[in-house]
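Here's a quick walk through the structure shown below.

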Amino acid sequence: MSRPSRRHIALALVGLTLAACGKKGPPVAPELRLPVPPAGVQASIDDGSIMVSWTNPERRIDGSRLRDLAEVKLYRREDVADGPLKPAMLSGGRVVGYDQIATIRVDAPAPATVVGARVQWVDRVGLVPEHRYVYVLTAIDAEGRSSPPSERRPITFLAAPMPPRDVEAIAGNRQVTVRWRAPEEFTDGSPASGELRYVVLRGIGNAGALAVITPQPVAATSLTETGLESGTEYRYAVRAVRVDARGTVTGPPSTVIGASPLETARPTPPRNLVAAPSARAFRLAWSPSPETGVVLYAIYRAAGPGALTRIGTTPSGNTTFVDRDVRPGTTYRYAVTAIDDARQPNESTPSNEVTVALP
């Protein structure tokens, strides 16, 4: 029996190795295992800062799930405002020609903030008005493999408008009207020019943060908010927004102004007032006011043609009243009103009048 050659032994070992590995196809190219870059890169100017936001990737370039995203790197370049954007190319783990300004770890993103799927970084270092800044990001997995650079997001850093002037909050019937005047300057001291819009913020009570109540900046210099709770303290502030072809810039908030809406709507008056004489007294009865907030009924009386004067009240659950302070031979006129439970109570107009005389 002949001995196997070295070539036959080598081929057999290769076959055993492939079988043991369970190899089913060609290997995936390394570049296809890279993460896709962050997406939806946006930049806006807010009170002397540039807010950069994006969405972290969830896939690799080959379409597989990215389960081990470790960090995102944020790069910035100060560029010529009107020139072409410099290409963003990755070399040696860095984006050539751009300065890395932040590394945001997925497991500890602070000071970046995460809201839903969006991540936001506030850039406020070394910004110069009228200069253009270009932002780009890369994503790195747990093995240190970097995505290609994201889309470039340029923004020209513009001066923000100063806060609106003479802000006032006028309380009304379950509503507050906020009014203000346009700022006269930008934060760099130049005159405020071009289009300005406004964002209104509101807080409830004496403490806590204010939240935006205008879904989009408004062009008007007043806003009326309705359907508010009577007697509740509301706090308001206004921010001016500079609308420029190069971007929008939100300025700092105005002084906070408070207001408490009132319930000023009168209740519906009682109806069907009747008066029946009895021994040295008159018994009054009426149909109740339909409003649920009514807490009292006030009874008014006049002798002869004189003016009606309040002579008593009764809780809203009672729709009768007996007047015993009367004199025989005198003619009396009666009316009833409804009073609500507002902090500053509202009284209805009088019911129908009735005239009676005690024999």
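Strand S20 (residues 281-287) pairs with S23 in the antiparallel sense, over four bridges. Strands here are DSSP runs of E with at least two residues, helices are runs of H or I with at least four, and both are numbered from the N terminus; two strands pair if DSSP finds at least two bridges between them. Across this pairing, leucine 284 stands opposite phenylalanine 321 in S23.

A word on where this comes from: the model is predicted, with local features needing pLDDT of at least 70 and side-chain atom pairs counting only at pLDDT 80 or more, while totals for chains, interfaces and linings use all residues. Residues are numbered from 1 along each chain as its sequence is written, and side-chain values use heavy atoms, leaving out hydrogens and water.

Back to the sheet: it's an open one of three strands, antiparallel, in the order S19-S20-S23. Strand S19 (271-278) and strand S23 (320-323) are at the edges with a single partner strand each, so one side of each has no neighbour in the sheet.

Zooming out, the chain has one helix and 25 strands. Its radius of gyration is 38 Å, well over the 21 Å that the globule rule gives for 359 residues, so the chain is more spread out than a compact globule. (That radius is taken over C-alpha atoms, and the rule is 2.2 Å times the number of residues to the power 0.38.) The C-alpha atoms fill a box of roughly 145 × 70 × 25 Å along the principal axes.
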